[in-house]
Amino acid sequence: KVVLDPDAQRIEVVVPDEQQHIAIGRRGQNVRLASQLTGWNIDIISESQESDRRNEEFRSLTDMFVDRLNVEEMIAQLLATEGFSSVEELADTPLDEIAAIQGFDEEIAAALKERADQTLEEEAEQLRETCETLGLTQELVDFEPLSIQSIIKLGEQGVKSLDDLADLATDELIEMLPDAGLSEHDAGEIIMAARAHWFADEEDTAEEPPKAATSEAAPFAVSIR
């Protein structure tokens, strides 16, 4: 089985356990050559490794639904089995689609939708309070290229405004957000997006017409360093 991830330029190949070492090649030469020819990163895993990973993902999703929705494990397992991967996805799913799941009915579906909406509202309020406590500016909180969770992590490390983010180097941003999986290119794009308002301010200043001279002396500010 071959799974392609075009955005990450990554290929995952699943092979029978007894064929994995043959597919990889001695000292990984087959994988290296295939990567060079395609220009993509290639991972070769065995069927048992994929099975273990899927089981772990299923357990993780089940625990997440139990914890965030406060539901019974059987309900959480049904949600995971049906392919739900987040509370947000459940909240956005039409009621009739949830009710159509085997083992559910309209009453259970309505209760799950209500609980999902309530959970998201409570978590959003907690995030807002955290942002206020950290002293984050609204511009930084509204910065779309980063999730609010990533923005909070930056705030905990002293990044309080969009200018603070714009002042970072790419390696600093990657180091501050180790779980985000940012590449150097991704980090550079985020930082340039944070700097966009600098260039907009410069353009606005350049377009302002010169003020007419008056007979009255203009006030001035003195900066003492």
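**Charged side chains in a predicted model**

Let me begin with Glu50, which is buried, its relative accessible area being 11%. What we are looking at is a predicted model, and in it the side chain of Glu50 meets that of Lys1 in a salt bridge, at 2.4 Å from N to O. That pair links distant parts of the chain, since Lys1 sits in the segment before β1 (2-5) while Glu50 belongs to helix α3 (residues 47-69), 49 residues away. Lys1 itself counts as partly exposed, at 48% relative accessibility.

Glu50 also meets Arg54 in a salt bridge, here at 3.5 Å, N to O, and these two residues both lie in helix α3, four residues apart, or about one turn of the helix. Arg54 is partly exposed, with a relative accessible area of 49%.

Staying in helix α3, Glu56 and Arg59 are three residues apart, again about one turn, and their side chains form a salt bridge at 2.9 Å, N to O. Elsewhere, salt bridges with shared partners join Arg10, Glu12, Asp43 and Arg53 into one network. Over the whole structure, the search finds 10 salt bridges.

Glu114, which is found in helix α7, counts as exposed because its relative accessible area of 55% is over 50%.

As for the overall background, the protein has 12 helices and three strands, and 29% of its 225 residues count as buried.

Definitions and conventions
Residues numbered from 1 in each chain as written. Predicted model: local features only at pLDDT ≥ 70, side-chain atom pairs only at ≥ 80, totals over all residues. Heavy atoms only, no water. Buried < 20%, exposed > 50% of the residue type's maximum accessible area, 1.4 Å probe, protein only. Salt bridge = Lys/Arg side-chain N within 4 Å of Asp/Glu carboxyl O.
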